[in-house]
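Keep the 3D view open beside the text and pick out each piece as it comes up.

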Amino acid sequence: MSDKATFEFLCRMGDNTLVLGHRVSEWCGVAPVLEEDIALANTALDLIGQTQMWLGLAGEIEGRGRTADDLAMTRDAWDFRNVLLAEQPNGDFGQTMMRQFLFDAWHLAMLQALTRSCDTRVAEIAAKAVKEVRYHVERSGDTVIGLGDGTEESHRRMQAALDLLWPYVGEMFIPDAVDDAMAEAGIAPDLTELRAGFDSHVGSVMEAATLTIPDTDFAHKGGKSGFRHSEHLGHMLTQMQWLQRAYPGASW
Amino acid sequence: MSAPNSAYPDIPEAQPEKPKRHEWPLWEIFIRGQHGMSHRHVGSLHAPDAEMAIKNARDVYTRRNEGVSIWAVEARHIAASSPGDKGPFYEPSESKVYRHPTFFDIPDEVGAM
């Protein structure tokens with residue numbers, strides 16, 4: 001198993017949290033209520049904190065002297081390895097929470113498995129992150145239930161969000177050569193083994209939310225391989241990276 | 001128009017004739033700190049139900065490792081004394097310093113009280 005595959009895998013973990021963390025941070029100051037604003041900012045900060053650890057380790061293993069900041073701020077869209085779900089735009093508040101819940105449910109299962117990684121550095125990062133994510137999924141799941149089983153309007157919006165985002169779920173569970181190499185080395189789990197737990201978790205939340213999971217297993221792909229991101233990622237990066245691009249190395 | 005037993009007697013209640021806004025109820029949040037024995041009032045927030053009130057309190061008031069336990073109580077359930085009663089309620093005790101148990105020698109064996 002090569003360092004290159006491990007580097008790719010760590011970029012996937014770190015880019016997921018970086019891109020989703022930035023997306024969630026876009027709500028800062030404009031969330032529907034103060035309490036949700038603060039809660040979303042907390043989630044964003046947790047995710048950015050996890051990014052520091054994943055991309056920090058990625059840079060270390062790559063061995064070319066790149067730091068987590070270098071990886072986050074000076075790579076272009078095609079070098080990003082996040083799943084497509086993470087980069088999807090916020091939409092309305094319901095769509096943001098649906099995206100969050102679908103990601104959180106996968107993230108929790110993934111991190112729980114990673115705490116048993118044979119690479120102790122990976123296991124340690126996962127052990128730290130899993131505590132935060134256990135709270136994220138509880139909160140996003142409750143909100144999905146509250147809005148899905150809420151008013152006619154909120155139910156309609158949540159069902160629309162689920163219909164829109166469901167085709168992005170598959171990518172998180174469909175392994176490619178990098179995932180296979182990680183599973184073989186005992187660094188990361190076999191992604192297909194996480195699916196049953198995810199389905200029962202998400203199924204029970206959607207049932208309580210009176211929402212119907214679309215009857216399709218079509219999956220958009222190309223995010224974690226970097227083959228084809230959606231157009232949204234590039235636009236997001238122009239916001240996220242402009243300061244480091246305009247003033248390279250700027251710090252405070 | 002202040003309700004005599006509201007926790008916020010100075011803030012007028014919503015006028016009943018106005019259309020009701022669908023706002024979440026107000027909750028008062030109490031947090032027990034790392035070394036504290038009792039829960040202390042830290043502030044208030046809005047939440048649709050008790051469970052979300054606890055979660056919101058976690059996000060709003062415990063970010064800097066402030067607490068180990070949270071209590072949330074809906075503000076309307078708190079009975080409060082009225083500012084108008086300040087005189088008869090509190091002033092009579094002002095000149096009665098002898099009510100403080102500070103005139104006793106406490107034996108060392110008792111320890112901290």
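## Ground rules

Two residues are in contact when they have heavy atoms within 4.5 Å. With that rule, residues 24 or more positions apart account for 48% of the contacts in chain B with a separation of 6 or more.

This is a predicted model, in which local features need pLDDT of at least 70, side-chain atom pairs count only at pLDDT 80 or more, and totals for chains, interfaces and linings use all residues. Residues are numbered from 1 along each chain as its sequence is written, chains are lettered from A and ligands numbered from 1 in the order in which they are written, and side-chain values use heavy atoms, with hydrogens and water left out.

## Chain B at a glance

Helices (H or I, at least four residues) and strands (E, at least two) are DSSP runs, numbered from the N terminus. Chain B has two helices and three strands, and along the sequence they follow the pattern β-β-α-β-α.

A residue is called buried under 20% relative accessible area, exposed over 50%, and partly exposed in between (1.4 Å probe, protein chains only). Chain B has 113 residues, and 19% of them count as buried.

## Helix H1 of chain B

Let us look at one helix of chain B. H1(B) has 12 residues and reaches 16 Å from its first C-alpha to its last, close to the 16 Å expected at 1.5 Å a residue; the expected span is 1.5 Å times one less than the number of residues.

Which residues of H1(B) are buried? They are B:Met52, B:Ala53, B:Lys55, B:Asn56, B:Ala57, B:Asp59 and B:Tyr61. The buried residues of H1(B) pack against strand S1 (26–33), S2 and strand S3 (67–74) of chain B, together with H2 and H6 of chain A.

## Where the two chains meet

The size of an interface is often given as the accessible area lost when the parts come together. Here buried area is the accessible area (1.4 Å probe) that two parts lose on being put together, summed over both. Chain B and chain A bury about 1100 Å² between them, with 53% of it on carbon and sulfur atoms. B:Lys55, B:Arg58 and B:Asp59 supply 44% of the area that chain B buries against chain A, more than any other three residues. The contact takes 11 residues from chain A and 11 residues from chain B.

A polar contact is a pair of N or O atoms within 3.5 Å; within protein, one must be able to donate a hydrogen and the other to accept it, and residues adjacent in sequence count only if both atoms are side-chain atoms. Nine residue pairs are in polar contact across this interface (both at pLDDT 80 or more). On the side of chain B that touches chain A, strand S2 (40–46) and helix H1 (50–61) are the elements that give two or more residues. H1(B) gives the most, with seven residues.

## Charged pairs across the interface

Side chains of opposite charge can pair when their charged atoms come close. A salt bridge is a side-chain nitrogen of Lys or Arg within 4 Å of a carboxyl oxygen of Asp or Glu.

B:Lys55 takes part in a salt bridge with A:Glu138, with the closest N and O atoms 3.3 Å apart. This pair runs from helix H1 of chain B to helix H6 (residues 120–148) of chain A. B:Lys55 is buried, with a relative accessible area of 6%, whereas A:Glu138 counts as partly exposed at 44% relative accessibility. B:Lys55 also forms a salt bridge with A:Asp142, where the closest N and O atoms are 2.6 Å apart. A:Asp142 counts as partly exposed, at 24% relative accessibility.

B:Asp59 forms a salt bridge with A:Arg139, the closest N and O atoms being 3.0 Å apart. B:Asp59 lies in helix H1 of chain B and A:Arg139 in helix H6 of chain A, so the pair joins two chains. Both B:Asp59 and A:Arg139 are buried.

## A look inside chain A

Helix H2 (residues 34–62) of chain A has 29 residues and reaches 41 Å from its first C-alpha to its last, close to the 42 Å expected at 1.5 Å a residue. A:Gly63 follows H2(A), and its phi is positive, near 75 degrees.

A:Gln100 sits in helix H5 (residues 93–114) of chain A. Is A:Gln100 buried or exposed? At 3% relative accessibility, A:Gln100 counts as buried. Leaving aside neighbours within four places in sequence, A:Gln100 is in contact with A:Leu20, A:Val24, A:Thr43, A:Leu47 and A:Ser140.
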